Amino acid sequence: MRRRAEANLIELRRRHSIRKFSDKPVAREIIEQCILAAASAPSGANHQPWHFVAISSPDVKAAIRCEAEALEQSFYQGRAGEEWLDALKPLGTNANKAYLERAPWLIAVFSQKRGGVDEGDNKTNYYVHESVGIATGFLIQALHHAGLGTLTHTPKPMSFLSKICGRDNDVDRPYMLIVAGYPDQDATVPDHALKKKSLEQVASFL
């Protein structure tokens, strides 16, 4: 068990967010398996309050980039506030989101306030934010395990994703956009992103 735990830690320490993706195709079957892994996550009352929209269409990706960059422009022009922008400087981020078109897949994650276990249910879902957060973590891990690079993207507001993806915003609320694909040849990881807190900083044992 210890060897397995150590091997898992080593694998996950290799995972880093990237912002330069290759346009090399990724088979749909791989994305399907990763989404099924995400959908195996625990959830409040087992209602599974999530929906994943996997996007490979160049037209849809272009529409998402257009909307996202418009929001990012206002973000970097001051809407974020000086402290937030200062925190982002070591990562070298900016309003240019070319990866939204270049990466072979975008996966829009939606949360659902109502639903249930069975098709057609319209019951209250419980611990929605927590449940979808766990499922998203499962998805990122699955994509990494499959050999793909990822990036989490959360433009605010994200309501445009509902429209572009054909989802009812009153039912499916955009939660996160996951960019997935192979790293480009010149993809790098900023030194700042390599700084991880120690066990003593992140955990207590009672």
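This passage describes the predicted fold of one chain, from its overall form to single residues.

Residues are numbered from 1 along each chain as its sequence is written, and side-chain values rest on heavy atoms, with hydrogens and water left out.

The chain contains eight helices and six strands, where helices (H or I, at least four residues) and strands (E, at least two) are DSSP runs numbered from the N terminus. Their order from the N terminus is α-α-β-α-α-α-β-β-β-α-β-α-β-α. The radius of gyration is 18 Å, close to the 17 Å given by the globule rule for 206 residues, so the chain is as compact as a globular protein of that length. The radius is taken over C-alpha atoms, and the globule rule is 2.2 Å times the number of residues to the power 0.38. Along the principal axes, the C-alpha atoms fill a box of roughly 45 × 45 × 35 Å.

Of the 206 residues, 38% count as buried; buried denotes under 20% relative accessible area, exposed over 50%, and partly exposed the range in between (1.4 Å probe, protein chains only). The accessible surface of the chain amounts to about 12,700 Å², and carbon and sulfur atoms account for 52% of this area. Areas were computed by the Shrake-Rupley method with a 1.4 Å probe, and for residues only the protein chains shown count as cover. Among contacts (heavy atoms within 4.5 Å) between residues at least 6 apart in sequence, 80% join residues at least 24 apart. The chain carries 26 positive and 24 negative side chains, and the centres of the two sets lie 4 Å apart. In this count Lys and Arg are positive and Asp and Glu negative, with His and the chain ends not counted; each charge is placed at NZ of Lys, CZ of Arg, CG of Asp or CD of Glu.

Helix α2 (residues 28-38) has Ile-31, Cys-34, Ile-35 and Ala-38 as buried residues. These four cover an arc of only 100° around the axis, which puts them on the same side of α2; the arc is that of the directions from the helix axis to the C-beta atoms. An α-helix has 3.6 residues a turn, so residues three or four places apart point the same way. Glu-29, Gln-33 and Leu-36, on the other side of α2, are exposed. The cover over the buried residues of α2 includes β1 (50-55), β2 (105-112) and α6 (128-145).

Ala-146, in the loop between α6 and β5, is partly exposed at a relative accessible area of 43%. With residues up to four places away in sequence not counted, Ala-146 touches Ile-30 and Cys-34. Ala-146 and Ile-31 are 115 residues apart in sequence, and their C-alpha atoms are 9.1 Å apart in space.

The loop between α2 and β1 contains Ser-40 and Gln-48. Ser-40 is exposed at 52% relative accessibility, and its C-alpha atom is separated by 22 Å from that of Met-1, 39 residues away along the chain. Gln-48 is partly exposed, with a relative accessible area of 30%, and has a positive phi of about 50° although it is not a glycine.

A positive phi of about 50° is also found at Tyr-127, again not a glycine. Tyr-127 lies in the loop between β4 (123-124) and α6 and counts as exposed at 63% relative accessibility. The peptide bond from Lys-156 to Pro-157 is cis, with omega near -10°. Pro-157 is located in the loop between β5 (149-153) and α7 (159-165). Most residues other than glycine have a negative phi, and most peptide bonds are trans.

In helix α1 (residues 2-13), Ile-10 is exposed, with a relative accessible area of 57%. Ile-10 and Pro-174 are 164 residues apart in sequence and 32 Å apart in space, C-alpha to C-alpha.

Technical notes. This is a predicted model: local features need pLDDT of at least 70, side-chain atom pairs count only at pLDDT 80 or more; totals for chains, interfaces and linings use all residues.
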